Amino acid sequence: MRFDVRQQGAADNCGAKCGLWISASGAITADTPRDFELFVQDHDLTGATVALDSDGGSVLGAIALGRAIRRLGLDTTVGRLIDLDGAAQDRPRAKFSPRADCESMCGFVLLGGVHRAVPPEARVMVHQIWLGDRRDDPTAANYSAEDLVLVQRDIGRLAQYTIDMGGSIELLDLALRIPPWEPMRALTADETRRTRLATEQPAAPVAATAAASPAPAPAATRPIPRVTDGAQPTKISERRWAVVDHLGVAALARRQPLTFEGEDIGRFDLMLACGAGGDSYDVSYVERRHNGDRIQVPAELRAVTVTVGGVSATLKVVSSERRTQPDELVTYAAGTVPAALVGAFTAVGNHSMLIETRSSGMVTGIRLGNTGAQQNMPQLAAGCMKGNGDRADLGTHKTGGLASAK
């Protein structure tokens, strides 16, 4: 995280009453509290407001930074500082922009301010704390007893810190509902007030509105033949991507729990198979959804979207119907995705795929890691290079649990 001090606005606008801002932007690390203490030694920060723009980071680093902000009696808000051009000034000046995000542990740093404001244009986003080296594919990772002790210890420290700072324990509850495979949850204005994350209405000036980047256009899909009942179970791994036999055709497949704000509401299977040409892959999505304690099953699922990086593809919902034995909503969707999307996901390194579903009044978003995808993709790709009469036949070895398919 980088720290800079700026005077508010142009001198001829506010004169001697110009406010003092501290820009705090970037990731929070274990060294951030020490960097802040060194920064403080070089500046008179009396009456300053810390403007936070961060994607979070270290739990212990955030707690220590928040406590340092409170010891100095500083205020906090969410926003960015934009330097002003002009003649020589007694100190650098900047204007405040509320269009910023305070993600993950940044929200707890915000709690360190004596007075705290969250502008309507800003977002505070929360999720569970997790082991940093296993965030990319949490359901595929292994965990030891020591790992569980570490996480629970940090949750306890966060709870104590939240109370010490005058916040509500509901803030921690909201964060702990969101598992690492779900997108972060943006707090509503009511929630920021209710959890005492915001103590007052923001007085910061609002910058000119910037045009939002257009959403990526869905990839075109070719007509998909309607699937039928009676398919036999297909073996799919719940912990990693693997090549499986899907209706007699090899597919790269993975199973994933389906949750909404951490509550279990079902599971889904995603399968990638060879497309009609070399520039795409066929995708099958099979979901079984049930009622949760707080969430009710919708009448039907209306859309399924697959996104890797900035490339998205919309699958066609072939059927979405309620079953009674057991009571669940079973949805089948299919379509094609560009080869570039699959290539980016299965490339060397840790990459994730976002699966988003939409129904009336509800949106789910689940992030899938690529454990096993890079290792098994060559087997699938080799079969895709063959002719239609010789497409990616499986060997005798298969992996994983059972997943029904149509």
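# A walk through loops, a disulfide and helix pairs

Student: Between which two elements is the loop that holds Ser104?
Tutor: Happy to start there, with the reminder that this is a predicted model. Ser104 sits in a loop, with a strand on one side and a helix on the other. Those two elements are β7 (101-103) and α4 (106-110).

Student: What is the phi of Ser104?
Tutor: Most residues other than glycine have a negative phi. Ser104 is not a glycine, yet its phi is positive. The value is about 55°.

Student: Is Ser104 buried or exposed?
Tutor: Buried means under 20% relative accessible area. The relative accessible area of Ser104 is 14%, so Ser104 is buried.

Student: Which residue does the disulfide join to Cys102?
Tutor: The structure holds one disulfide. Its two sulfur atoms are 2.0 Å apart, and the partner of Cys102 is Cys106.

Student: In which loop does Glu261 lie, and what is its relative accessible area?
Tutor: Glu261 lies in the loop between β13 (249-260) and β14 (263-274). Its phi is positive, near 50°, although Glu261 is a residue other than glycine. Glu261 counts as buried because its relative accessible area falls under the 20% cut-off. The area is 16%.

Student: What is the omega of the cis peptide bond that joins Gln325 and Pro326?
Tutor: Most peptide bonds are trans. The bond between Gln325 and Pro326 is cis, and Pro326 lies in the loop between β17 (311-324) and β18 (327-338). Omega for this bond is about -5°.

Student: On to the helices: at what angle do the axes of α2 and α3 cross?
Tutor: Two packed helices are described by the angle between their axes and the distance between the axes. For α2 (residues 32-41) and α3, the axes come within 8 Å. The pair is roughly parallel, because the crossing angle is under 35 degrees. That angle is roughly 25°.

Student: How many charged residues has the contact of α2 with α3?
Tutor: On the α2 side, the contact is made by Thr32, Pro33, Phe36 and Glu37. The α3 side brings Gly61, Ala64, Leu65, Ala68, Ile69 and Arg71. By class there are six nonpolar and two polar residues, and the number of charged ones is two.

Student: What about α3 and α5: which hand does their crossing have?
Tutor: The axes of α3 (residues 59-71) and α5 (residues 145-164) come within 10 Å and cross at roughly 15°. With an angle under 35 degrees, α3 and α5 are therefore roughly parallel to each other. The crossing of α3 past α5 is left-handed.

Student: Which residues of α5 make the contact with α3?
Tutor: From α3 come Val59, Leu60, Ala62, Ile63, Gly66, Arg67 and Arg70. By class, the contact of α3 with α5 has six nonpolar, one polar and six charged residues. The α5 residues are Arg153, Asp154, Arg157, Leu158, Tyr161 and Asp164.

Student: Within what distance do the axes of α8 and α9 come?
Tutor: Helix α8 (residues 339-346) and helix α9 (residues 373-384) cross at roughly 140°. That angle makes α8 oblique to α9. Their axes come within 9 Å.

Student: How many charged residues are in the contact of α8 with α9?
Tutor: Here Val342, Phe345 and Thr346 of α8 meet Ala373, Gln374 and Met377 of α9. These residues divide into four nonpolar and two polar, and the charged count is none.

Student: Which residues does Thr192 touch, not counting residues up to four places away in sequence?
Tutor: Thr192 is part of helix α7 (residues 189-194). Thr192 counts as buried because its relative accessibility is 6%. With residues up to four places away in sequence set aside, Thr192 touches Leu187, Leu197 and Ala198.

Student: Last one, for the protein chain: what percentage of its 406 residues count as buried?
Tutor: The secondary structure of the chain comes to nine helices and 21 strands. Among contacts between residues at least 6 apart in sequence, 67% join residues at least 24 apart. Of the 406 residues, the buried part is 48%.

Definitions and conventions
Residues numbered from 1 in each chain as written. Predicted model: local features only at pLDDT ≥ 70, side-chain atom pairs only at ≥ 80, totals over all residues. Heavy atoms only, no water. Axes fitted to C-alpha atoms, helices over the stretch in contact; angles between N-to-C directions. Helix = DSSP H or I, 4+ residues; strand = E, 2+ residues; numbered from the N terminus. Parallel < 35°, antiparallel > 145°, perpendicular 65-115°, else oblique. Left-handed = near helix turned anticlockwise from the far one by under 90°. Contact = heavy atoms within 4.5 Å. Nonpolar A, V, L, I, M, F, W, Y, C, P; charged D, E, K, R; others polar. Disulfide = S-S within 2.5 Å. Buried < 20%, exposed > 50% of the residue type's maximum accessible area, 1.4 Å probe, protein only.
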